[in-house]
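Q: I have a structure open and would like to go through it step by step. Could we begin with the aromatic rings?

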Amino acid sequence: MPAPSAIAITPSTRHVSINVRDPGFYRNPLDAYADLHAECPSFFWEEQQQWYFAGYDQVNSLLRDRRFGRQILHVATREELGLPEPKPHLADFDRLEAYSLLELEPPAHTRLRTLVNRAFVSRQIEQLKPEIAALSHSLIDGFEKDGHVELLKAYAEIVPVTVIARMLGVPVDMAPKLLDWSHRMVKMYVFNPSLETEHDANQASAEFADYLKGIIDWKRKNPADDLLTHMITTEKDGERLSDDELISTAVLLLNAGHEATVHQLGNAVRTLLETGTSAKDVFSSDAATERTIEESMRYAAPLHIFQRYALSDIELEDGISLKKGDKIGLLLGAANVDPKKFSDPLTFRPDRNEGAHVSFGAGLHFCIGAPLARLELKLSLPILFERLPGLRLTSEPQIKDSYHFHGLERLELEW
Ligand code: HEM
C-alpha cells in the first residue's frame, strides 16, 4: 500500500490528491494505480486541476480520439482560451517545439511524419541489427573485467544515443553533449518546471539548434547516406523541409531516441534481477525474448503520462464535461496495469500473452521509434545477461524523483 500521504481518493466526487514528489508514490506508482483502478479510474487530480484517466480502454481510445490533440493553437487563439502569452525567456525552447512532430496536428503533422517515417519502418530498422549487437558487445568489453558497473552511464545510455546519432549522421563523439542538451530540455516535461529549469532548457535549446544548424549546412554541401541528408533532400508535393523543421525534427529524434530507451533498459534489468527471473529461460528464443521485452514495457514503463487538449466542447460517456482548450491527462503507466485488461497486473510475467501495452502510445502520435526501441532492447538486454552470467544488484536501485520519466538514478551491478 502507498504511504497515506501519497494518494487520497474521494470516490463520491472523483477527486484525487497525489503528491508526485512523495517517494511513496514515485518509487512505486503501480500501487497507487491499483487503488485508482479499484476506486476511481477517471478522476479530477486536485494538484493539477484537470481530469485524468487510468483505465486501459479509456486511455487507449482517448489517445486515438480525433476530438483531442497535442496542440490547440491550430483551432483557437490564446485570447479565446485565456492562455498566457509565451514567456520571452523560453523563446528558443518554444521555437523547437513549434515545429516538433510531437507538438503538431494534421495536416502539418502528416507531412512531417510521412517524411521521417520511412527511416523507421521495421525492415529499415532491422538492418541496424549487426551494428547494435557489435556496439553492445564493445561496451561490455570495456567493463567486463571490472566485475562491477553502473549500468546506466556505461551501457543503457550509450547504446540508444549512439544508434540515433549514427542514423541521423551526427558525429558520435558529440554523444556527451547531446545527452547534456537533451537532459536539460526534457526537465521541462515535469509539472510546473522552475524558472531555473526554464532558463537552462532554453539555453540548451539554443545551443542544440545552433549546433544542428551547422551540421545541416555542412550536409547540404556534403550529402551522405543518413537520415539528416534524406530529410534535407526529400521533397513532398514540391516542398522541402524548412531549416526550423529540420532542426526541430532532428532535436526530437535525438532526444526521444534515447531518453525513454535508457530508462526502459534500466527498468527491465532491475525487474529481471529483482524478480529472480532466469535470463536463460526468458531469452531462450526470439519469441520468448520479444514477449519478455513487451512485458517489461508493460510492467516497468518509462513514460507514464501524456496530455491532450480538447479541440471542442466534449461530453465524455462517464459524465465528464470538457470545454474546448481543456487539458486531460492519460496515464499510460496506469492503463498498463488495469486489472480489467491484464490478469494479476502487478506481477511481472514474461510469458504473458494478453494483448498490447500502451507504453508507445496509440493513434496519430504512436511512437515512431517503436521498432528501433524494440530492436535495441531485444539485442542489448540478452547480450548483457549472456556476457555477464551471475549478474546481480550491488545495492538497491535508486528511483528517480521524476514522475514523468520513471527510471533509475543509478543501477549498480556486479557479477
Ligand atoms: C522504450 C522506448 C520508448 C518509449 C516508451 C516511447 C514512448 C513514446 C510515446 C508514448 C509516444 C507518444 C506520445 C503521445 O502520444 O503524446 C512517443 C512518440 C514519439 N517517439 Fe517514442 N518512445 C520510445 C523510444 C523512441 C525512440 C527510440 C525514438 C526515435 C527514434 C522515438 C521517437 C518518437 C517520436 C519522434 C515521437 C512523436 C511521434 C508523433 O508525434 O507522431 N521514441 N514515444
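Q: How many aromatic pairs does the structure hold?

A: The structure, a predicted model, holds 16 aromatic pairs. Rings of Phe, Tyr and Trp (its six-membered ring) pair if their centres lie within 6.5 Å; planes under 30 degrees apart count as stacked, over 60 as edge-to-face and the rest as tilted.

Q: What kind of pair do Trp-45 and Phe-191 form?

A: The pair of Trp-45 and Phe-191 is edge-to-face, with 5.5 Å centre to centre and 75° between the planes. It links distant parts of the chain: Trp-45 is in strand S3 (residues 42-45), and Phe-191 is in the loop between helix H11 (175-186) and helix H12 (195-221), 146 residues apart. Helices (H or I, at least four residues) and strands (E, at least two) are DSSP runs, numbered from the N terminus.

Q: Are Trp-45 and Phe-191 buried or exposed?

A: Both Trp-45 and Phe-191 are buried. Buried means under 20% relative accessible area, exposed over 50%, and partly exposed in between (1.4 Å probe, protein chains only).

Q: Which residues do ring pairs link into a cluster?

A: The cluster consists of Phe-25, Phe-43, Trp-45, Tyr-52, Phe-191 and Tyr-403.

Q: Next topic: what should I know about numbering and the limits of the model?

A: Residues are numbered from 1 along each chain as its sequence is written. In this predicted model, local features need pLDDT of at least 70 and side-chain atom pairs count only at pLDDT 80 or more, while totals for chains, interfaces and linings use all residues; side-chain values use heavy atoms, with hydrogens and water left out.

Q: Now the ligand. Which residues come nearest?

A: Of the 29 residues around the ligand, Arg-70, Arg-113, Arg-308, His-365 and Cys-367 come nearest. A residue is near a molecule or strand if one of its heavy atoms lies within 4 Å of it.

Q: How far is the side chain of His-365 from the ligand?

A: A polar side-chain atom of His-365 is 2.6 Å from an oxygen atom of the ligand. For His-109, the corresponding distance from a polar side-chain atom to a ligand oxygen is 2.7 Å.

Q: Which element supplies the largest share of the shell?

A: Helix H14 (243-274) supplies the largest share, seven residues. Helix H6 (108-117) and strand S7 (305-310) each supply at least two.

Key. Polar contact = N/O pair within 3.5 Å; in protein donor to acceptor, adjacent residues only side chain to side chain.
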